[in-house]
Amino acid sequence: MKITFIGSGQVGGALADRLERLGHRVTLAARDPNSSSVRESLARNPRLLVQAPAAAVAEADLVFLATPYAANEQVLTELKDALRGKVLVDCTNPVGPGLSHGLKSVQSGSEVVQALVPEARVVKAFSIYGYENFADPNYPGYSVRPALLFCGADEVAKAQVGALIDTLGFEPIDVGGLEQALHLEHLTLLWVRMIRAGQRSPHLVWAALQRS
Ligand SMILES: NC(=O)c1ccc[n+]([C@@H]2O[C@H](COP(=O)([O-])OP(=O)(O)OC[C@H]3O[C@@H](n4cnc5c(N)ncnc54)[C@H](OP(=O)(O)O)[C@@H]3O)[C@@H](O)[C@H]2O)c1
């Protein structure tokens, strides 16, 4: 699959590296090919490709959005045409003062993303844990995989993203439509408060146990 990353920092860099190693053709959509995040991603994996944003998005089968939430409006407005019809995996989280929800819990960041690019097929995924877990999802000693919760309106897009989640070593859990994104963003805030602001290890993840 041809996969393009808008944003190749902690989250984008980790996922781009792993997806390339799984055999995908991965391109970094770089506004500045010499930026530190692009250079660090290439140092980690020199087989990643680098291209100008509009061209990188236009040729992709699937696009990851892994930018600071505050950059989304500008980034998506510029790429609106190129994103038409594309699966857009929204990894971003709006975070406000004191680790509150950045949109005051009125609307999810992913719904804002969808409104900015109405013809893209937005799936919120790879948002609920720290990047450390996207780089390495192995938890030796457990018989279950880390659960990766995701949501979106487009079932075909979600099937593609679910398959990627699976090959990356997580248990894909489809939690429903994009209206569920607000709840995923609160789950993220819980994790961030526990780990980034608390004392727990960044390698803490959730697992889903289900009885029939
Ligand atoms: N860090 C985590 O553990 C984590 C986990 C889950 C979700 N998230 C969410 O994922 C998103 C990315 O987080 P991150 O930690 O990976 O951020 P990061 O390390 O700061 O990387 C941000 C990336 O976005 C690019 N960027 C910044 N402003 C831009 C703009 N105006 N136009 C185009 N590209 C721009 C940066 O490129 P340059 O190098 O050119 O500045 C960089 O490649 C955030 O929304 C965050 O909330 C983070």
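Biologist: Two strands pair if DSSP finds at least two bridges between them. In what sense do β1 and β2 pair, and over how many bridges?

Modeller: This is a predicted model, to start with. In it, β1 (residues 2-6) and β2 (residues 25-29) pair in the parallel sense, over five bridges.

Biologist: How many residues of β2 are buried?

Modeller: Four of its five, so β2 counts as mostly covered.

Biologist: What about β2 and β3, in what sense do they pair?

Modeller: Parallel, with three bridges to β3 (residues 49-51). T27 stands opposite L49 there. Together with α2, β2 and β3 make a right-handed β-α-β unit.

Biologist: Back to β1. How many bridges join β1 to β4?

Modeller: Four, and the two strands run parallel. T4 stands opposite V63 of β4.

Biologist: And from β4 to β5, how many bridges?

Modeller: Four bridges join them, and they run parallel. V63 turns up again, opposite L88 in β5. The chain gets from β4 to β5 through α4, in a right-handed β-α-β crossover.

Biologist: Which way do the side residues of β4 point?

Modeller: L62 and F64 point one way, V63 and L65 the other way. All four are buried.

Biologist: V63 keeps coming up. What does V63 touch?

Modeller: Leaving out residues up to four places away in sequence, V63 touches T4, I6, V57, L83, K86, V87, L88 and V89.

Biologist: Which members of the largest nonpolar core touch the most others?

Modeller: V63, F64, L65, L88, V89 and A125, out of 57 residues in that core. α1 gives the most to this core, with five residues.

Biologist: Switching topic: the ligand. Which residues are closest?

Modeller: G7, G9, S35, S37 and T92, among 24 residues that surround the ligand.

Biologist: Which helices each supply at least two residues of that shell?

Modeller: α1 (10-21), α2 (36-44) and α4 (72-78). α1 gives the most, with three residues.

Biologist: What classes of residue make up the shell around the ligand?

Modeller: Eight are nonpolar, 14 are polar and two are charged.

Biologist: Now β9. How many of its residues are buried?

Modeller: Five of six, across residues 147-152. β9 pairs with β8 (residues 121-124) in the antiparallel sense, over two bridges. K124 stands opposite C151 of β9.

Biologist: And how many bridges join β9 to β10?

Modeller: Four, and those two strands run parallel. In β10 (residues 171-174), E171 is the bridge partner of A147. β9, α7 (residues 155-167) and β10 make a right-handed β-α-β unit.

Biologist: How far apart are the C-alpha atoms of L164 and R21?

Modeller: 13 Å, although the two residues are 143 apart along the chain.

Biologist: What is the phi of S105?

Modeller: Phi of S105 is near 60°, a positive value in a residue other than glycine. S105 sits in the loop between β7 (100-101) and α5 (109-116).

Biologist: Why does S105 count as partly exposed?

Modeller: Because 15 other C-beta atoms lie within 10 Å of S105.

Biologist: Last one: α5. Which of its residues are buried?

Modeller: G109, S110, V112, V113 and Q114.

Biologist: What covers the buried residues of α5?

Modeller: The cover includes β4 (62-65), α4, β5 (87-90), β8 and α8 (181-195).

Note on methods: Residues numbered from 1 in each chain as written. Predicted model: local features only at pLDDT ≥ 70, side-chain atom pairs only at ≥ 80, totals over all residues. Buried ≥ 20, exposed ≤ 12 C-beta atoms within 10 Å, placed from the backbone. Right-handed = clockwise from strand over helix to strand, strands pointing away. Near = placed C-beta within 6 Å. Nonpolar A, V, L, I, M, F, W, Y, C, P; charged D, E, K, R; others polar. Core = buried A, V, L, I, M, F, W, Y, C linked by C-beta atoms within 7 Å. Contact = placed C-beta atoms within 7 Å.
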